[in-house]
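Please keep the structure open while reading.

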Amino acid sequence: MGKLVYEKLKQNLDTFVIRGLLRSEERKHRTGGGEDVFASDITKAKTLSQTFLGVDVLIILTSKSGRRIFFYNEGAYLEQVDWIGQKNQIDATKIIGVRHIILVGSMGGRDPKHHLKPFANGRILIWKRHSELYLVDSGITYTLIKLGGLLDKEGGLRELLIANNDELLPTQMKTIPRADVAQVSVQEIPHDEVKNKAYDLASKPEGEGSSTLDFKSFFSQVF
Ligand SMILES: NC(=O)c1ccc[n+]([C@@H]2O[C@H](COP(=O)([O-])OP(=O)(O)OC[C@H]3O[C@@H](n4cnc5c(N)ncnc54)[C@H](OP(=O)(O)O)[C@@H]3O)[C@@H](O)[C@H]2O)c1
């Protein structure tokens, strides 16, 4: 999803000076990343200070479990990426005075029967929850968006939903296209309504309801 956010920000270069992060020079080379793309492994704290120098707003989308890959290389375990790697990003940007961190996390962290619990010794959502709480307690202005499942579908076509406390998880409306999450993350940057707030984000099925276009009004539902 990082690529989608990066592309959305690139459409607003009059508003933002943007910077992308990929985990290695090899990834950067393979994806044709330009000068505004930095190669840093988030599990290695020392590599991050230079990458984040001067950053005002950080959108964290890194994960080891995003695409449901449950086999990990040494150094890429869930704890190291979804907890330590996110903590490293929060710590590195706190030092340089970041103004706002938007963290894309997961619904279900508090549900002991969640269907992801059998994987990785049941710790996928636990490590994500660790970093979510670490951000909330960090003193940095935050927005925490919690998702129930991602779809590779076109964005901008659905009515988006805001909820709390995993209440959408047992329903058919717990998923959302990656492109819509990217749009919401970017739209959040200037909106004070979402600052120091955590909420669940999902969507109605395409064709039901009306597509969400007015983000000021949408974010006014966050409490
Ligand atoms: N997928 C879902 O259904 C779901 C559900 C709930 C919440 N979420 C959350 O939504 C967000 C985006 O999910 P997604 O499915 O779009 O994720 P994704 O495609 O798997 O992307 C995660 C990114 O993190 C990067 N990454 C992993 N380890 C790294 C490291 N050590 N250093 C730097 N970068 C590293 C990956 O890079 P590489 O490509 O190099 O590995 C990848 O670009 C995540 O925060 C995820 O937890 C997803």
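Helix α4 bends by about 30° at Ile84. In this predicted model, α4 covers residues 78-95, which makes 18 residues. From first C-alpha to last, α4 reaches 25 Å, close to the 26 Å expected at 1.5 Å a residue.

Which residues of α4 are buried? They are Leu78, Val81, Asp82, Trp83, Gly85, Gln86, Asn88, Gln89, Ile90, Ala92 and Thr93. An α-helix has 3.6 residues a turn, so residues three or four places apart point the same way. The cover over the buried residues of α4 includes the helices α3 (48-52) and α5 (124-136), together with the strands β3 (57-60) and β4 (100-106). After α4 comes Gly97, with a positive phi near 80°.

Two residues other than glycine also have positive phi. Asp166 has a phi near 60° and sits in the loop between β7 (160-163) and β8 (176-177). Asn196, in the loop between α6 (178-188) and β9 (197-203), has a positive phi of about 60°. Its C-beta neighbours inside 10 Å number 12, so Asn196 counts as exposed; the cut-off for exposed is 12 or fewer.

As for the chain as a whole, the protein has seven helices and nine strands. Of its 223 residues, 37% count as buried. Taking contacts between residues at least 6 apart in sequence, 72% join residues at least 24 apart.

How values were computed. Residues numbered from 1 in each chain as written. Predicted model: local features only at pLDDT ≥ 70, side-chain atom pairs only at ≥ 80, totals over all residues. Helix = DSSP H or I, 4+ residues; strand = E, 2+ residues; numbered from the N terminus. Buried ≥ 20, exposed ≤ 12 C-beta atoms within 10 Å, placed from the backbone. Contact = placed C-beta atoms within 7 Å. Expected span 1.5 Å × (residues − 1). Bend = angle between axes of the 7 residues up to and from the residue.
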